[in-house]
Amino acid sequence: MSGRLCLPKIIIRGASAIVRRCLTYETGRRLAGGMLALEGEHVNSTRCNWGMLGLVPAYDSRRRGRDEDNRTLTMNNPLAAWQRRQFLQQTSMGLGTAVLATLLGGDTAQAAGGLPGLPHLAPKAKRVILLLQSGAPSHVDLFDYKPLLAERRGEEIPESIHQGQKLSTMTASAGKPCLGAIAPFHQYGESGAWVSDYLPHLTEIVDDVCFVRSMKTEAVNHAPAMTFLLTGAEPPGRPSMGAWVSYGLGSDNENLPTYCVMTSRDREGTCGQLFYDFYWGSGFLPSKYQGVKFRGGGDPVLYLSNPPGLSRDVRRDLLDGLAELNRQKFDAVGDPEIQTRIAQYEMAFRMQTSMPELVDFSSEPAHVIDMYGPQVHEKGTYAHNCLIARRLAERGVKFIQLMHSGWDQHRNLPTQLIEQCRDTDQPSVALVKDLKQRGLLDETLVIWGGEFGRTPFGQGDIDNPKQHGRDHHPYCFTIWMAGGGVKRGFTWGETDEYGYNVVKDQVHVHDLQATVMHLLGIDHERLTFKFQGRHFRLTDVHGHVVDDLLA
């Protein structure tokens with residue numbers, strides 16, 4: 001149903017005239033459903049039931065006072081003598097609270113909706129931008145220079161190196177012929193970082209970047225590995241990293257979501273990965289902490305525009321009425337999701353103004369637009385999303401997650417890798433440069449990487465110049481980070497001479513998660529949530545902060 005809610009034909013007795021009127025209009029029906037779009041096009045739409053809205057059809061046997069025809073909803077005048085001023089005074093969304101939060105500048109987590117006592121320590125970063133390359137970029141083709149692979153091209157990787165480790169079913173029983181990088185490598189900057197010629201723009205900022213060449217994960221398939229990277233567990237259902245940050249630290253901007261997500265795909269559409277909603281889900285945390293996904297075409301968030309015939313004042317009155325109905329339902333049943341519903345309605349109302357301004361690039365100087373490349377004006381492209389990410393960052397959004405698919409190159413590495421680099425290299429570097437020139441990079445942690453790496457051996461016929469590639473490789477891969485309290489012009493970790501296993505300074509996915517939380521001022525062992533009798537955290541029972549990465 002894409003997050004929409006259709007109202008059945010009901011009669012509300014004792015409600016205010018404006019609520020009765022709007023609920024019977026077709027436009028009112030669309031409005032009530034459209035406000036749910038903030039929860040994602042699919043996520044949790046089934047959880048929006050009548051109880052959460054404070055509206056229970058009369059034929060529900062749990063409802064008292066229903067008429068004999070079993071089709072009339074009876075209320076004991078819940079809105080009688082009720083004024084908007086009273087509503088504001090009686091709820092946590094009151095004007096006094098909003099003004100106080102504004103005067104404080106949103107600096108305290110509790111004033112912004114975060115948990116008391118957070119941050120646990122002085123944060124080095126105020127926000128995170130994840131540039132996730134879904135499908136897994138090849139570390140040995142882009143970052144981890146291994147000349148031995150080219151020297152021994154076609155020779156089997158020794159068993160002493162691969163040790164019979166678990167691989168995907170595509171290559172588990174196949175040969176493992178060495179395959180060198182498909183493009184030359186050179187060293188750049190004062191740091192002397194090795195970078196492929198396929199990433200010419202990245203070479204311009206290597207002295208602002210921290211390379212981690214010793215990443216390690218557990219899963220050998222995409223969805224479990226991406227879920228593990230984002231939630232700390234392979235099975236779906238745990239809160240994502242952005243949800244944890246939103247839960248712990250709250251928001252610095254009441255007009256935009258704390259956690260925003262954008263997706264894109266390669267221009268060729270050859271090997272895209274599915275973007276599951278649980279990649280930005282809230283798991284067992286209240287659903288208000290899940291990410292809000294922006295659409296790649298049309299309105300970024302569905303149904304923010306007022307339907308024809310419905311003015312902003314009418315929508316405001318309708319929301320006020322629904323908020324009171326929901327408050328009464330919350331008082332009766334105590335379901336926290338009802339409070340989430342109220343908050344999401346209010347956020348959607350405020351986003352009617354903030355979203356059009358966010359996606360309007362007319363105020364951007366021409367030289368900034370040019371930095372992001374020719375696709376920046378094409379909605380839904382990686383370049384377009386990178387510029388929106390910068391605009392979100394300067395508006396105080398704490399967690400921004402971009403996901404770009406197309407890196408899963410099993411049979412088309414020679415042709416597709418360069419296309420992926422063309423799509424992502426310039427916009428990624430432009431984002432870092434743009435943040436730096438605005439004084440935002442030091443307080444913004446930018447992370448670029450995939451869910452795992454790719455095998456140092458070839459998959460398919462490596463002598464066919466267009467029909468070979470590399471398989472999934474969880475045992476080592478490379479990411480890079482910039483800003484937000486990490487070292488500049490620094491490379492951490494080493495792999496063996498084949499680029500197969502980490503041999504020095506391993507950074508497990510849980511270690512990366514712990515380090516990201518630390519940079520935000522969060523002790524990953526102390527930010528927990530009790531669910532089904534157990535205290536859960538992002539890093540489960542693992543993870544250590546990698547102090548050597550910190551500036």
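Predicted model: local features only at pLDDT ≥ 70, side-chain atom pairs only at ≥ 80, totals over all residues.
Here, a residue counts as buried when its relative accessible area is under 20%.

**Helix α11**
- There are 22 residues in α11, and the helix reaches 31 Å from first C-alpha to last, close to the 32 Å expected at 1.5 Å a residue.

**Helix α14 and its partner α15**
- α14 (residues 382-394) and α15 (residues 413-437) have axes that come within 9 Å and cross at roughly 15°.
- Angles under 35 degrees count as roughly parallel, and α14 and α15 are therefore roughly parallel to each other.
- As for handedness, the α14/α15 crossing is right-handed.
- On the α14 side, the contact uses Y382, A383, C386, L387, R390 and A393; α15 brings D423, T424, P427, S428, L431, D434 and L435.
- Sorted by class, that contact of α14 with α15 has eight nonpolar, two polar and three charged residues.
- α14 itself has 13 residues and spans 19 Å between its first and last C-alpha, close to the 18 Å expected at 1.5 Å a residue.
- Most of α14 is covered, with 12 of its 13 residues buried.
- The buried set in α14 runs Y382, A383, H384, N385, C386, L387, I388, A389, R390, R391, L392 and A393.
- Just after α14, G396 shows a positive phi of about 90°.

**Helix α9 against α16**
- The axes of α9 (residues 222-231) and α16 (residues 509-519) come within 8 Å and cross at roughly 30°.
- That makes this pair, α9 and α16, roughly parallel too.
- F228, L229, L230 and T231 of α9 make the contact with V509, H510, L512 and Q513 of α16.
- By class, the α9/α16 contact has five nonpolar, three polar and no charged residues.

**Helix α10, wrapped up**
- Nine of the nine residues of α10 (residues 241-249) are buried, so the helix is largely enclosed by the rest of the structure.
- Those buried residues are M241, G242, A243, W244, V245, S246, Y247, G248 and L249.
- Their cover includes the helices α9 and α16, along with the strands β5 (259-265), β7 (399-405), β18 (529-531) and β19 (534-536).
- Next after α10 is G250, whose phi is positive, near 75°.

**Backbone spots to check**
- The L118 to P119 peptide bond is cis, with omega near 0°.
- P119 sits in the loop between α5 (95-104) and β1 (127-134).
- A136 is not a glycine, yet its phi is positive, near 85°.
- You'll find A136 in the loop between β1 and α6 (139-142), and it is buried, with a relative accessible area of 0%.
- D540 is another non-glycine with a positive phi, about 60°.
- D540 belongs to the segment after β19, and its relative accessible area of 19% makes it buried.

**E151 on the outside**
- E151 is part of helix α7 (residues 147-151).
- With a relative accessible area of 61%, E151 is exposed.
- E151 and C178 are 27 residues apart in sequence, while their C-alpha atoms are 8.7 Å apart in space.

How values were computed: Residues numbered from 1 in each chain as written. Heavy atoms only, no water. Axes fitted to C-alpha atoms, helices over the stretch in contact; angles between N-to-C directions. Helix = DSSP H or I, 4+ residues; strand = E, 2+ residues; numbered from the N terminus. Parallel < 35°, antiparallel > 145°, perpendicular 65-115°, else oblique. Left-handed = near helix turned anticlockwise from the far one by under 90°. Contact = heavy atoms within 4.5 Å. Nonpolar A, V, L, I, M, F, W, Y, C, P; charged D, E, K, R; others polar. Expected span 1.5 Å × (residues − 1). Buried < 20%, exposed > 50% of the residue type's maximum accessible area, 1.4 Å probe, protein only.
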